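Hi everyone, thanks for coming.

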Amino acid sequence: MLRGAPPTGRCDTLGGMKIQNIKVHPLLGGTVDGGWPDGHEPEDDLHALVEVETDEGVSGIGSVFTNSDLVIAGVQTLAPLWRGESAVEPERVSEKLRQSVFWQGRGGTLEHVISGIDIALWDLLGKVTQQPVARLLGGYYRHKIKPYGSILFDEPSQLADNLQATVARGFRAIKLGWRPFGRRDRKYDELLVKTARETVGTEVELLVDAGGSEQFWPHGYKWALNTAQMLANYDIGWFEEALPPDDIEGFIRLRNAAPLPITGGEVLTRRQSFMPWIERGALDIVQPDATKCGGLTEARRIAWMAQDHNIGFVSHGWNTAVGLAADLHLAAAIPVAHYVEYLTPAPYIEEIVTEPFQLDADGFLAIPETPGLGIELDRDVLQRFARAAN
């Protein structure tokens, strides 16, 4: 059974605003191919937004990188815990949800749903206090940051076209990931990387994601090390997910031997899961996904843990405009944040907000300074992507 939080003795001084309802907005019709073996169709169900509604008419929005049916079920499962709770205490409320559902699964669907609720509660708190989320998270270490355009590898001629289009959109850093890289042979992998570097030249930063979290990933440490050495020859900025996501020993060995930074962590959830990876030095850069790992609350804790161990931090962000906005605020509040991930082109990022994100002439994104997450949803477009949730 679900259990509530222990007595806190707190005094609600912000008007006692309470959570009245949580609405789920499924997103279908604009899903971007994620690089898995069978690809994705636009109608595939991979993302959902959650909207926390209060008894005073204020709402906050969050994003979840999980099938919407699971999000709906998770919101319903958690309902006895969130209904009537404070709407302006994101850290306490999300931790209450997390601690109260251990028996329903630590780190799975319910943690993903808690992630979206947590982001929405931070958005709410910002709106109520008239402060941007970045300031509530600790303050602005920066007011703009470089996004990397996140795209898939492809056949060489198509890859070159995709890269040119991404540079034309203003990106000065690009990450290439998943198929067909690592799915054929070493010579083909090098051909793809060589094509990418020759296409964008030396002024655009390139990053590579092998996609080792694909089911039944066939490669081990020696493949990863040899590939890392090849990537370094083309001045690739990092090597992401070179091994399966549970192979901590392999990542430790790889980080110690590879000539370029090793990154990962996107599939991990809860700060406790990240602790051994950080404490044992398995990664040069840790990449929690705030829409899965526990929200902004957990991602911030993970980022500061990495900071304390002299490990870099970059959010994983294969998500929505709401997720990107959350990542921007988090990047503002973490001293060592270096990039944000920007999936592109992506209808759930570029079409669901009234004012789309704009890169400046140097390829940077400004971090919002208006209350909450600083974005406004285009409800007509959102309705177009959403299916009815009963």
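Glu85 and Lys96 are both buried, meaning under 20% relative accessible area, where over 50% is exposed and in between is partly exposed (1.4 Å probe, protein chains only). Before I go on: this is a predicted model, where local features need pLDDT of at least 70, side-chain atom pairs count only at pLDDT 80 or more, and totals for chains, interfaces and linings use all residues. Residues are numbered from 1 along each chain as its sequence is written, and side-chain values use heavy atoms, with hydrogens and water left out.

Back to our pair. Glu85 makes a salt bridge with Lys96, with the closest N and O atoms 3.0 Å apart; the term means a side-chain nitrogen of Lys or Arg within 4 Å of a carboxyl oxygen of Asp or Glu.

How many salt bridges does this rule give? The count comes to 27.

Another one joins Arg184 to Glu155, at 2.7 Å between the closest N and O atoms. Arg184 counts as partly exposed because its relative accessibility is 49%, and Glu155, at 32%, counts as partly exposed too.

Now please find Glu298, which forms a salt bridge with Arg271, again with 2.7 Å between the closest N and O atoms. Glu298 is buried, with a relative accessible area of 0%, and Arg271 is buried at 18%. Shared partners tie Glu91, Glu95, Arg98, Glu111, Arg271, Glu298, Arg300 and Arg301 into one network of salt bridges.

And the whole chain? Of its 390 residues, 59% count as buried.
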